[in-house]
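Please look over the sequence and the model before reading on.

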Amino acid sequence: MATIKVKQVKSAIGRTKTQKRTLEALGFRKLHQVVEHEATPAILGMIATVAHLVEVQK
């Protein structure tokens with residue numbers, strides 16, 4: 001499968017618990033961090049949940 005890079009561009013402060021846990025599950029620890037994942041349906045769903053906080057790079 002293809003890999004995608006995801007960058008956190010907005011803070012999780014003031015967000016719901018589910019959004020914070022989703023960011024943590026994606027591997028984000030700090031702002032402007034870039035993580036790389038396989039483009040599986042589960043990962044794409046997690047990205048869609050926090051789409052307003054992250055940016056997808058190819």
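The report goes from the overall fold to selected residues.

The structure is a predicted model, in which local features need pLDDT of at least 70, side-chain atom pairs count only at pLDDT 80 or more, and totals for chains, interfaces and linings use all residues. Residues are numbered from 1 along each chain as its sequence is written, and side-chain values use heavy atoms, with hydrogens and water left out.

**Overall fold**

The chain contains two helices and three strands; helices (H or I, at least four residues) and strands (E, at least two) are DSSP runs, numbered from the N terminus. Read from the N terminus, the order of these elements is β-α-β-α-β.

The radius of gyration of the chain is 10 Å, which agrees with the value near 10 Å that a compact globule of 58 residues would have. This radius is taken over C-alpha atoms, and the globule rule is 2.2 Å times the number of residues to the power 0.38. Along the principal axes, the C-alpha atoms occupy a box of roughly 35 × 20 × 15 Å.

Contact means heavy atoms within 4.5 Å. Of the contacts between residues at least 6 apart in sequence, 69% join residues at least 24 apart.

**Surface and charge**

The accessible surface of the chain is about 4000 Å², and carbon and sulfur atoms account for 55% of that area; the areas come from the Shrake-Rupley method with a 1.4 Å probe, and for residues only the protein chains shown count as cover. Buried residues make up 29% of the 58 residues, where buried means under 20% relative accessible area, exposed over 50%, and partly exposed in between (1.4 Å probe, protein chains only).

The chain carries 10 positive and 4 negative charges, whose mean positions are 10 Å apart. Lys and Arg count as positive and Asp and Glu as negative, while His and the chain ends are not counted. Each charge is placed at NZ of Lys, CZ of Arg, CG of Asp or CD of Glu.

**Selected residues**

Threonine 22 belongs to helix 1 (residues 17-26). Its relative accessible area is 14%, so threonine 22 is buried. A polar atom of its side chain lies 2.7 Å from the backbone oxygen of threonine 18. Beyond its neighbours within four places in sequence, threonine 22 is in contact with Met46, Thr49 and Val50.

Alanine 25 is also placed in helix 1, but it counts as exposed because its relative accessibility is 52%.

Arginine 29 lies in the loop between helix 1 and strand 2 and, at 75% relative accessibility, counts as exposed. Histidine 32 is in the loop between helix 1 and strand 2 as well; its phi is near 65 degrees, a positive value in a residue other than glycine.

Histidine 37 is part of strand 2 (residues 34-38). Its side chain reaches the backbone oxygen of leucine 26 at 2.6 Å. Not counting residues up to four places away in sequence, histidine 37 touches Ala2, Thr3, Ile4, Leu26 and Ile43.

Threonine 40 occupies the loop between strand 2 and helix 2 (41-49). Threonine 40 is partly exposed, with a relative accessible area of 25%.

| Pair | Apart in sequence | Apart in space |
|---|---|---|
| Alanine 25 and methionine 46 | 21 residues | 8.6 Å |
| Threonine 40 and alanine 25 | 15 residues | 14 Å |
| Arginine 29 and glutamine 57 | 28 residues | 18 Å |

Conventions: Polar contact = N/O pair within 3.5 Å; in protein donor to acceptor, adjacent residues only side chain to side chain.
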